[in-house]
Amino acid sequence: LGAKAYRFSISWSRVLPTGRIQGGISAEGLAFYEDLCREALANGIEPVATLYHWDLPEALEREGGWLNREPVEVFADYAALC
């Protein structure tokens, strides 16, 4: 296909099942994206990640979602991890 870049979304829930670093980081979730990026680079394709694509973790949604201030703060932790 000749693609030079590949855009993908990182699933917040796949990396942080509870939405928070304090709830535990999924090693399998991180490994999935690390492998994806490694393979893309090995094939001359630039990986371009989107950190949020309408997939707020269910635990945060149950607490009020984006109407609550906390997801803004924990998103910063998630973004730093990614």
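Does R20 count as buried or exposed, and at what relative accessibility? In this predicted model, R20 counts as buried because its relative accessibility is 17%, where buried denotes under 20% relative accessible area, exposed over 50% and partly exposed in between, with a 1.4 Å probe and protein chains only. The model is predicted, and local features therefore need pLDDT of at least 70, side-chain atom pairs count only at pLDDT 80 or more, and totals for chains, interfaces and linings use all residues. Residues are numbered from 1 along each chain as its sequence is written, and side-chain values use heavy atoms, with hydrogens and water left out.

The secondary structure of the chain consists of four helices and two strands, these being DSSP runs numbered from the N terminus (helices H or I, at least four residues; strands E, at least two). Their order along the sequence is β-α-α-β-α-α. The C-alpha trace spans about 45 × 25 × 20 Å along its principal axes. Of the 82 residues, 23% count as buried. Among contacts (heavy atoms within 4.5 Å) between residues at least 6 apart in sequence, 69% join residues at least 24 apart.

The chain carries 7 positive and 12 negative side chains, and the centres of the two sets are 5 Å apart. In this count Lys and Arg are positive and Asp and Glu negative, while His and the chain ends are not counted; each charge is placed at NZ of Lys, CZ of Arg, CG of Asp or CD of Glu.

R20 is located in the loop between α1 (12-15) and α2 (27-42). The R20 side chain forms a polar contact of 2.4 Å with the side chain of E63 and another of 3.1 Å with that of E70. A polar contact is a pair of N or O atoms within 3.5 Å; within protein, one must be able to donate a hydrogen and the other to accept it, and residues adjacent in sequence count only if both atoms are side-chain atoms. Leaving aside residues up to four places away in sequence, R20 touches L60, E63, E70 and V74.

F75 belongs to helix α4 (residues 70-81) and, at 23% relative accessibility, counts as partly exposed. With residues up to four places away excluded, F75 touches W12, L51, Y52 and W66. F75 and A49 are separated by 26 residues in sequence and by 15 Å in space, C-alpha to C-alpha.
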